[in-house]
Amino acid sequence: MSMLLLMSAGCSSDDGMNEPLLNYNWMPNTLLINNSNNVDAKECTVTNNHFYIDKMPVLDNNCPGFIFHCGIEKSLDLRGLVIRVIGVKQDIDAFQVGETFLLNQFNASLMPIQTPMQIGATKGSIKLVDKKKVSDKDVLTFQINNLSFEEGYTINGMVDFEYEGTVY
């Protein structure tokens, strides 16, 4: 019951900017997933959380894309989350801790287990809360704020994405 109260407190605005579950004790690399079909939210650990830079040319856009990916454990119906920040930053150094990205600056999709189809995000934001080097690899930590998807999913959480390379 207390988790349900926290969820409703964190999802009161439609602008995607409200802070997620302020009283929730965020564990690193954990997502809190709520599905409108379920009464309670489910806490899921992420796996294989990484990002890469896509420097493939895009019409009318000289900026690369940053593709963030993570697998989702303990979910009965989801296997992964993909966030794409395209045409906003030139390189990793341009990302600044404290920056918030609204849904018009990125897109996100969930990957269900049962189908190759992806479920698109309809509102929410992501905020860069930490940027560091671990074993000479860049790691960007994003707080996912009330990221809502088609089919009734809402995700909040904190994920460390480790740089895996560049695609040309």
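Modeller: Val82 stands opposite Ser109 in strand β6. Strand β4 (residues 78-86) and strand β6 (residues 107-112) pair in the antiparallel sense over 6 bridges. Strands here are DSSP runs of E with at least two residues, numbered from the N terminus. Two strands pair if DSSP finds at least two bridges between them. This is a predicted model: local features need pLDDT of at least 70, side-chain atom pairs need 80 or more, and totals for chains, interfaces and linings use all residues. Residues are numbered from 1 along each chain as its sequence is written, and side-chain values use heavy atoms, without hydrogens and water.

Val85 in β4 is the bridge partner of Phe66.

Now the rings. Phe66 belongs to a cluster linked by ring pairs, whose members include Phe68 and Phe142. Rings of Phe, Tyr and Trp (its six-membered ring) pair if their centres lie within 6.5 Å; planes under 30 degrees apart count as stacked, over 60 as edge-to-face and the rest as tilted. The count comes to 10 aromatic pairs. Phe68 and Phe142 form an edge-to-face pair, 5.0 Å centre to centre, with 75° between the planes. Phe68 lies in β3 and Phe142 in β8, so the pair ties together parts that are 74 residues apart in sequence. Phe68 is buried, at 1% relative accessible area. Phe142 is buried at 1% too.

Conventions: Helices (H or I, at least four residues) and strands (E, at least two) are DSSP runs, numbered from the N terminus. Buried means under 20% relative accessible area, exposed over 50%, partly exposed in between (1.4 Å probe, protein chains only).
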